[in-house]
Amino acid sequence: MTNHWKITEKTCWIRCGVCFFLMVLSWGVFSQILTFDFVNYDDDRYVYADPLISAGVTAEGLRRILTQPHNSNWHPLTSFSHMLDCQLYSLNPAGHHFGNLLLHTATGALLFLVLQAMTGSLWRSAFAAVWFAIHPLRAESVAWISERKDVLSGFFFVLMLGAYLRYIRRPFSLKRYVPVAVLFLLGLLAKPMLVTAPFVLLLLDGWPLNRFQAAKTKRDISRLFIEKVPLFLLSAVFCAITIRAQQQALFSIEELPIRWRIENAVLSYAVYIRQFVFPSGLAVLYPATGEALSGWAVGGSLAGLTGITFFAIKNRQKKPYLLTGWLWYLGMLVPVIGILQVGKQAYADRYTYLPQIGLCLLLAWLAGDWAVTRRRRVLTAIAAAVLLIGLAGAARRQTGFWKNSHTLWSRTLLCTKNNAVAQSNLGVVLFIDGSTGEAIRHFEESLRIEPGRAEVQNNLAAAYADAGRYPEAV
């Protein structure tokens, strides 16, 4: 295994420069959120309308987040971070947004440093990290205060990768192994989606760490799996805790049949790739209606995913990064791909936060392998610059839709169809703003799409009464 962590003074300065550039670029794209408001979608339940969270750090609040689910999730570290923000900034949304921005910026810089230390490739690592950090799909995780769990778990995930690199430098040492387990535990306490992280470590053992190739005996290979056993046990515990915490939020088979969920999972994998390559029409909620999905779309997606998988396996010797990056993407999405359906979304931008690092890795190394001549290197550098400028502009624009609830839901209705939640939430905003007539139209449309929602009926009754339409209100 190559000692990539041994660097020259010149390389050290270049690494510092890349980190500075990455942080400045991330700040330039996302710093506008410091002027944004809370939104009326989960921010109330996670922060400003929960008295135990909004009261700041209290003994009772700590007891509750440790012993009870918070909004159908058990993520005490994330809940504590919201409490701490309330302690420091009260209910000033700028402070809460600052926490998200700081964590995401740090994660991007750390990802670059970890990838460079793993691979010894400075510019490919820089490109992959910047691509991850400023992609428009990151807007939801960074600009939505309720998605603190994404950026917080991502921060600990990348720290865990760094600790793992330190651990593997020498023969087994409990002193170096414990930080890996502790950082993994902190990541799980922020968001249980990290349950697949031990699987990612095994992928990295294959490439770029080459630990499987360096293993001389079957016993050496078995040790690579045995050392992950404590981490997989932690994953199993958090899977059980999460399923129990989300029992009330889980959709039954009658509501969304298992066949629909499997087809939607296949389609979602392809949708996330399409959004990664062409990030347009992004929205906070893509409703899971349960309506029949296009057989052609599902079949085409399955064929494409299977083809890429076989291509990665076939080229695992010459281009091992293909298999690592691709399985990273597939594997990290498993907990949120929808087989166990929680919430009303068919898929969600925020779910791509860590899985798509695998795609960034794969494509950065593929581009680097293509750029073997001076002419190709120049073309690759120009294409990379154009791509990153385009992504930064698109991400800044997408982030702008999170300015407030009105802009968020107006945009969502432009990008989705039959979205009962978006209709209802925009109706609430309009009603509060005094546009009762428009609010009524949105409430009525929400109930047409999804009849019988009690909270929407209640809001519609209030709007009818405000408009003097008392018989309809009754």
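**Reading the structure step by step**

Analyst: With 474 residues, a compact globule would have a radius of gyration near 23 Å, and the protein agrees, since its value is 23 Å. The radius is taken over C-alpha atoms, and the globule rule is 2.2 Å times the number of residues to the power 0.38. This is a predicted model, in which local features need pLDDT of at least 70 and side-chain atom pairs count only at pLDDT 80 or more, while totals for chains, interfaces and linings use all residues. Residues are numbered from 1 along each chain as its sequence is written, and side-chain values use heavy atoms, with hydrogens and water left out.

User: What does the C-alpha trace span along its principal axes?

Analyst: The C-alpha trace of the protein spans about 80 × 50 × 45 Å along those axes.

User: How many helices and strands does the protein have?

Analyst: Helices (H or I, at least four residues) and strands (E, at least two) are DSSP runs, numbered from the N terminus. In this protein there are 24 helices and two strands.

User: How is burial read, and what share of the residues in the protein is buried?

Analyst: A residue is buried under 20% relative accessible area, exposed over 50%, and partly exposed in between (1.4 Å probe, protein chains only). Buried residues make up 51% of the 474 residues. Accessible areas come from the Shrake-Rupley method with a 1.4 Å probe, and for residues only the protein chains shown count as cover. The accessible surface of the protein comes to about 21600 Å², and 64% of that belongs to carbon and sulfur atoms.

User: What share of the contacts in the protein joins residues 24 or more positions apart?

Analyst: Contact means heavy atoms within 4.5 Å. Among contacts with a separation of 6 or more, 75% are between residues 24 or more positions apart.

User: How many positive and negative side chains does the protein have?

Analyst: Lys and Arg count as positive and Asp and Glu as negative, whereas His and the chain ends are not counted. The place of a charge is taken as NZ of Lys, CZ of Arg, CG of Asp or CD of Glu. The protein has 45 positive and 28 negative side chains, with the centres of the two sets 18 Å apart.

User: How is the length of a helix judged, for example that of α5?

Analyst: The expected span is 1.5 Å times one less than the number of residues. Helix α5 (residues 76–89) has 14 residues and reaches 20 Å from its first C-alpha to its last, close to the 20 Å expected.

User: Which residues of α5 are buried, and what covers them?

Analyst: Pro 76, Thr 78, Ser 79, Ser 81, His 82, Met 83, Asp 85 and Cys 86 are buried in α5. Their cover includes α2 (43–48), α3 (51–54), α4 (59–67), α6 (93–119), α9 (148–167) and α10 (174–190). As for α6, 21 of its 27 residues are buried, so this helix is largely enclosed by the rest of the structure.

User: Is Leu 77 buried or partly exposed, and which residues does Leu 77 touch?

Analyst: Leu 77 lies in helix α5 and counts as partly exposed because its relative accessibility is 21%. Not counting residues up to four places away in sequence, Leu 77 touches Leu 152, Phe 156, Leu 186, Leu 189 and Ala 190. The C-alpha atoms of Leu 77 and Ile 65, twelve residues apart along the chain, are separated by 8.4 Å.

User: Where is Leu 22 found, and why does Leu 22 count as buried or exposed?

Analyst: Leu 22 is found in helix α1 (residues 9–30), and its relative accessible area of 1% is why it counts as buried. Leaving aside neighbours within four places in sequence, Leu 22 is in contact with Thr 105, Gly 108, Ala 109, Phe 112, Ala 129, Val 130 and Ala 133.

User: Where in the backbone is a positive phi found, as in Ser 90?

Analyst: Ser 90 is not a glycine, yet has a positive phi of about 55°. Ser 90 is in the loop between α5 and α6, and at 45% relative accessibility Ser 90 counts as partly exposed. Asn 210, also a residue other than glycine, has a positive phi near 55° and is placed in the loop between α11 and α12. Just after α6, Gly 120 takes a positive phi of about 80°.

User: Which residues does a cis peptide bond join?

Analyst: Trp 207 and Pro 208 are joined by a cis peptide bond, with omega about 10°. Pro 208 is found in the loop between α11 (197–206) and α12 (211–214).
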